[in-house]
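Colleague: I'd like to learn how to read a few features of a model like this one. Could you walk me through them?

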Amino acid sequence: MRILLCNDDGVHAPGLAVLEKIALTLSDDVTIVAPASEKSGAGRSLTLTRPLRLRQLGERRYAVAGTPTDAVMMALTLVMKDNPPDLILSGVNRGANLGEDVGYSGTVSAAMEGALAGIRSVALSQVYAKSGAGEKVSFAAAEAWGERVLRPLIDAPWSPRTLFNINFPARHAGEVRGIRAVAQGLRDYGQTEIIQRTDPRGFDYYWLKLPGIPHTPAHSTDLEAAADGWVTVTPLHCDMTHHASLAMAAELYD
């Protein structure tokens with residue numbers, strides 16, 4: 001089995017090193033094609049206004065001066081053109097990709113690009129509890145549970161153009177309660193804060209602070225399950241059509 005690894009934290013990120021360890025428990029044929037620098041929040045953005053640059057850092061290890069989606073495209077159309085991957089793993093992201101995070105996430109977007117190409121793809125993220133943890137984020141839960149959650153999943157039947165989004169809870173590996181398949185949750189993004197600061201030259205600048213409070217009617221989504229200590233597994237699909245509304249709209253224009 002050939003495995004492609006990507007992420008949005010950059011090719012030198014500690015989470016990618018953890019993902020490589022996990023991948024090597026599944027196969028010895030692992031290739032890394034990842035952004036040269038951090039691209040968190042890049043979503044499915046493409047680089048269209050400047051050239052892409054590809055740098056080989058070692059055997060089967062490449063950095064792309066672009067977004068996660070760029071990196072997967074470069075991998076599939078150039079680096080691995082003659083030997084395409086059987087599986088794409090994206091992550092392990094430093095921080096959660098829960099609820100509507102998936103729309104902003106470069107980690108999930110890399111997996112989505114793989115799914116669109118017809119390749120089984122999984123996004124993996126490590127939740128952390130303390131804001132501003134910086135380089136102190138622990139990936140112990142991801143490292144301990146990565147193979148356990150992936151091995152049965154990659155052997156299962158998948159629907160076309162789907163991907164799986166996995167989040168490891170912010171707990172010590174021995175305190176993780178298990179693995180749970182759950183739906184995508186919903187936060188109240190009306191609570192988003194814009195934090196204003198002033199630089200040494202007197203000019204204002206701003207930071208976005210996204211809310212961390214779950215606001216989901218049912219207690220059965222990725223947000224609550226991860227907070228309760230479960231590894232969450234959420235299937236996503238690339239078709240964004242809301243079919244019930246499509247039927248309604250069709251009636252309007254008959």
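Colleague: Let's start with Cys6: is Cys6 buried or exposed?

Modeller: Cys6 is buried, at a relative accessible area of 0%. Buried means under 20% relative accessible area, exposed over 50%, and partly exposed in between, with a 1.4 Å probe and protein chains only. Keep in mind that this is a predicted model, where local features need pLDDT of at least 70, side-chain atom pairs count only at pLDDT 80 or more, and totals for chains, interfaces and linings use all residues. Residues are numbered from 1 along each chain as its sequence is written, and side-chain values use heavy atoms, leaving out hydrogens and water.

Colleague: How many disulfides does a search of the whole structure find?

Modeller: A disulfide is a covalent bond between the sulfur atoms of two cysteines. The search of the whole structure finds zero disulfides (pairs of cysteine sulfur atoms within 2.5 Å). For Cys6, the nearest cysteine sulfur is that of Cys238, 15 Å away.

Colleague: Which residues does Leu116 touch, apart from its sequence neighbours?

Modeller: Beyond the neighbours within four places in sequence, Leu116 is in contact (heavy atoms within 4.5 Å) with Arg44, Arg161 and Cys238. Leu116 belongs to helix α3, residues 106-116; helices (H or I, at least four residues) and strands (E, at least two) are DSSP runs numbered from the N terminus. With 34% relative accessibility, Leu116 is partly exposed.

Colleague: How do I read a helix pair, and at what angle do α2 and α3 cross?

Modeller: Two packed helices are described by the angle between their axes and the distance between the axes. Here the axes of α2 (residues 68-79) and α3 come within 8 Å and cross at roughly 30 degrees. Axes are lines fitted to C-alpha atoms, for helices over the stretch in contact, with angles from 0 to 180 degrees between N-to-C directions. The two helices are therefore roughly parallel; angles under 35 degrees count as roughly parallel, over 145 as roughly antiparallel, 65 to 115 as roughly perpendicular and the rest as oblique.
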